[in-house]
Amino acid sequence: MRSLQCVLLLLLPLPLPLVKPAPAPAPAPQQGARLTYGHGADTFQETLFTRGYEDQHLDGKNIKEKESMIISDEKSLQLQKDESLTSLPPKKENDEMPTCLLCVCLSGSVYCEEVDIEVVPPLPKESAYLYARFNKIKKLTANDFAEIPNLRRLDFTGNLIEDIEESTFSKLSLLEELTLAENQLVKLPVLPPKLTLFNAKYNKLKSRGVKANTFKKLSNLSFLYLDHNALESVPPNLPESLRVIHLQFNNITSITDDTFCKANDTRYIRNHIEEIRLEGNPIILGKHPNSFICLKRLPVGSYF
């Protein structure tokens, strides 16, 4: 009986062992995901920074490096531009802006007023009139007008002129009007022979800066303006042609019988004189009655 049972047991199908399915692979932790590990009764948490974050961090670093390289390239380009600008050769006077662009040129007249020039600009050869008022010119030289023989009028009012070379105007044989008012002159140069008007008011002229023959040969001179200077006496040898003489507000303390008249010729009359101004000087004109007997009009000034 037992053998029969054993046989039957052998013929019956044996139950297959249960195979547990393999656990699905855990999904890759996302950036900033938290994993919890159990270790006995203790629990701790750890924040993982994934490879994606590391790659992103590295990419950001590369981008910053590229940006810094671009910025440095831009800076180097700018430096090259700056160097190219600073390395340009200096301009010569003749290469600067042409006079007739800086100034206004109209049919022989050149107007260079209030343009802050420091020297006389190169002038067109046909120039006859130059108005260079209210600039920053400090000196006049013979070369300034060497190639401009037809000049008839020069006006340098309101500059900073301290010095004029002796021969600056000597070759300007046609010059008729010369204005040097409101400058810093302490002496006068040789003046051209055909002057009809000379204006040097508001300077720093003293008598020692005006030579005895400065005006003697100017036989066409009609208007002489030397007011508001520091002259101690009336300039000698004033030409007969003078019509107007302005000497007010100087330091003139005395005059002689020969200053305007001729002491040895009581019949002498200065027919051309229309106005002499001597006010603002220390001199008392009433003390010198014989100094004006040749004049048709008494000078303006203090007589008492």
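Gly 280 counts as partly exposed because its relative accessibility is 43%, where partly exposed lies between buried, under 20% relative accessible area, and exposed, over 50% (1.4 Å probe, protein chains only). The model is a predicted one, in which local features need pLDDT of at least 70 and side-chain atom pairs count only at pLDDT 80 or more, whereas totals for chains, interfaces and linings use all residues. Residues are numbered from 1 along each chain as its sequence is written, and side-chain values use heavy atoms, with hydrogens and water left out.

Gly 280 is found in the segment after β13 (275-277), strands being DSSP runs of E of at least two residues, numbered from the N terminus. Not counting residues up to four places away in sequence, Gly 280 touches Phe 249 and Asn 250, a contact being heavy atoms within 4.5 Å. Between Gly 280 and Ile 252 the C-alpha to C-alpha separation is 9.0 Å, although 28 residues part them in sequence.

The largest nonpolar core has 54 residues, of which Leu 154, Phe 156, Phe 198, Phe 215 and Phe 260 touch the most other members; such a core is a set of buried Ala, Val, Leu, Ile, Met, Phe, Trp, Tyr and Cys residues joined through side-chain atoms within 4.5 Å. Leaving aside neighbours within four places in sequence, the contacts of Phe 260 include Val 234, Leu 238, Ile 245, Tyr 268 and Arg 270.

The structure also holds 5 aromatic pairs, defined for rings of Phe, Tyr and Trp (its six-membered ring) whose centres lie within 6.5 Å, with planes under 30 degrees apart counted as stacked, over 60 as edge-to-face and the rest as tilted. Tyr 111 and Tyr 131 form a stacked pair, 5.0 Å centre to centre with 10° between the planes, and this pair links distant parts of the chain, with Tyr 111 in strand β4 (residues 109-111) and Tyr 131 in strand β5 (residues 129-131), 20 residues apart. Tyr 131 counts as buried at 11% relative accessibility, whereas Tyr 111, at 32%, counts as partly exposed. Phe 145 and Phe 156 pair edge-to-face, at 6.3 Å centre to centre and 65° between the planes. Phe 145 lies in the loop between β6 (139-140) and β7 (153-155) and Phe 156 in the loop between β7 and β8 (163-164), so the pair ties together parts 11 residues apart in sequence. Phe 156 is buried, with a relative accessible area of 0%, and Phe 145 is buried at 3%.

Definitions and conventions: Helices (H or I, at least four residues) and strands (E, at least two) are DSSP runs, numbered from the N terminus.
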